[in-house]
Amino acid sequence: SSDVCSSDLDKFSRFSTLNFLNSTPLKGKITVGGWESWYNHYANINNELIQGDLEGLSKTENLIKMHFLDSKNPCVFQVDDGWEISLGDWDARSDRFPEGMCALASSIAAKGYVPGLWIAPFIVDLRSEFARNHRDWILRDKKGKPIAAGFNPLWGANFGKEQPSFPGSYFTLDLSRDDVLAHLDALIEKAVNEWGFRYLKLDFLFAGMIKGEFKNGGAAYEWYDRAVKVLTKRTRNKKGERVAYLGCGMPIESSFKAFPLSRIGTDTKEDWDISWMRKSNYPSRPSALVNMQDTLGHAFWDQGVYINDPDVVFLRYENISLSDKEKTLIALVNYFFASQIMHSDDPVHFDTAKEGDFTKKITTLYKIFEDEDFGVENETSKTYFIFSKNEKYTGFINLSDKPIYIERNALISRFQKRPENLEALVNYGEKSGEGYIFEPHSISVYAVKN
């Protein structure tokens, strides 16, 4: 789709509903971006924090201001997990957001952002008021026992009558029930038309595909398909404004029709990896490493199958263990091989000396490569050759924990006209003989000089 002229964008009905978010309409593709609260505050949010971030985004030279706001591009401001009473009780916590969600969305819109909100519509904490009032809406097994959908110590009791499974388990809804569908419909109606949010991140959607003894029989995929149609049927709010949905934690194939904008991998993290999860070989762990593998592995979907959301870019120096090298890697992989640039750093306590200089470096690189279409080719599960399809740039990505030697000829083997020189633009490779030694956790990009 990158070869399609901008006037033809509306012909692609799959992505046309996202045009109101598009920051590159003249380039024949859809790209989306914005700020979210999760990867700095996590669930510890309140109105004061969010309003501070909302005010600060336009006042410091952060990535969102430089890449979106200064260019008058559309920009999402998403409130993530932590706003709700509990998993299932989808109303504002009065101790955190005393003025409610309508006031919050209005303040976001007043600043010129698209108001965004995180919701996990299918999953339930059995301690919630909702679950206590609707025990019969919980999906069960053949013995009538509620089926655990996953584990989170914040989302489930450790023991007792409100924990019929392992400690910290949460549960899922029986999507075959019409009253459950009516509940989901009312939830989205409230978020969109009562509160005013226009970008909904619908998370933990995999829970809708869990097998169980459905009240109305049938297979999980049938009820999942019906449910997501209900969740996403509002493409405009009552004012006529466009509404978009980000699918997250979802069954990829079954979500194709409903979620053209989708997360295509595991959560990233402000650390390269989590050692104990890595030792257990847990494949879906929050991890910058695993996130990079997912983003690169699913790059071929972007702009065709999905508008790929790779998760967030980190540029900060507080509350993070990633090096500049690793942050550069994440920032460029997201930019080259996906189409949503989200950011979660703290704009209120922005360090102009450190973060300002580093942000300027990254946004300068974004400008250099803004018209490029990059391809990627695996060498191994952790090493990749990258190249621009117009043969202007070549490079290498090393996600492994050790230096990797690559011959120069391998870097240019995809080009019809073999270049005489390679000029380093992003350089974490040391020349060695007839090749380069590339540092661990790095990306290197070279301009081709003939």
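The legends below describe close-up views of a predicted model.

Residues are numbered from 1 along each chain as its sequence is written, and side-chain values use heavy atoms, with hydrogens and water left out. Because the model is predicted, local features need pLDDT of at least 70 and side-chain atom pairs count only at pLDDT 80 or more, whereas totals for chains, interfaces and linings use all residues.

**View 1**
Nine strands, in the order E12-E11-E10-E9-E5-E2-E1-E14-E13, form an open sheet with parallel pairing. The edge strands are E12 and E13, each of which pairs on one side only. Strands (E, at least two residues) and helices (H or I, at least four residues) are DSSP runs numbered from the N terminus, and two strands are taken to pair if DSSP finds at least two bridges between them. Within this sheet, strand E1 (residues 32-36) runs parallel to strand E14 (residues 340-343) and is joined to E14 by four bridges; Gly 33 stands opposite Ile 341 of E14.

**View 2**
Buried here means under 20% relative accessible area, exposed means over 50%, and partly exposed lies in between, as computed with a 1.4 Å probe on protein chains only. In a regular strand the side chains alternate between the two faces of the sheet. Strand E9 (residues 199-202) runs parallel to E10 and is joined to E10 by four bridges, with Lys 201 having Leu 246 as its bridge partner. On the E11 side, E10 pairs in the parallel sense with strand E11 (residues 261-263) over two bridges, and here the bridge partner of Leu 246 is Leu 261. E9, helix H8 (residues 220-231) and E10 make a right-handed β-α-β unit, where right-handed means that, with the strands pointing away from the viewer, the path from the first strand over the helix to the second runs clockwise.

**View 1. Lys 325 and its surroundings.**
Lys 325 lies in helix H11 (residues 324-337) and counts as buried because its relative accessible area is 18%. A polar atom of the Lys 325 side chain lies 2.9 Å from the backbone oxygen of Pro 440. Not counting residues up to four places away in sequence, Lys 325 touches Tyr 428, Glu 439, Pro 440, His 441 and Ser 442, where contact means heavy atoms within 4.5 Å.

**View 2. Ile 397 in the largest nonpolar core.**
Of the 111 residues in the largest nonpolar core, Trp 83, Phe 122, Phe 336 and Ile 397 touch the most other members. A nonpolar core is a set of buried Ala, Val, Leu, Ile, Met, Phe, Trp, Tyr and Cys residues joined through side-chain atoms within 4.5 Å. With residues up to four places away in sequence left out, the contacts of Ile 397 include Leu 296, Leu 329, Val 333, Phe 337, Tyr 384 and Ile 443, and the polar residues Lys 382, Thr 383 and Ser 442 are also among them.

**View 3. Two residues with positive phi.**
Most residues other than glycine have a negative phi. Tyr 42, in the loop between helix H2 (38-41) and helix H3 (47-56), has a positive phi near 50 degrees and is partly exposed, with a relative accessible area of 24%. Asp 311 lies in the loop between strand E12 (307-309) and strand E13 (312-313); the phi of Asp 311 is positive, near 95 degrees, and Asp 311 counts as buried at 1% relative accessibility.

**View 4. Strand E18 and its partner E21.**
Strand E18 (residues 404-407) has a covered face, made of Ile 404 and Ile 406, and an uncovered face, made of Tyr 405 and Glu 407. E18 pairs with strand E21 (residues 435-438) in the antiparallel sense over four bridges, and in E21 the bridge partner of Tyr 405 is Ile 437.

With a disulfide taken as a pair of cysteine sulfur atoms within 2.5 Å, the count comes to zero. Cys 75 is in no disulfide, and the nearest cysteine sulfur, that of Cys 248, is 18 Å away. Cys 75 counts as buried at 2% relative accessibility, whereas Cys 102 counts as partly exposed at 37%.

Key. Polar contact = N/O pair within 3.5 Å; in protein donor to acceptor, adjacent residues only side chain to side chain.
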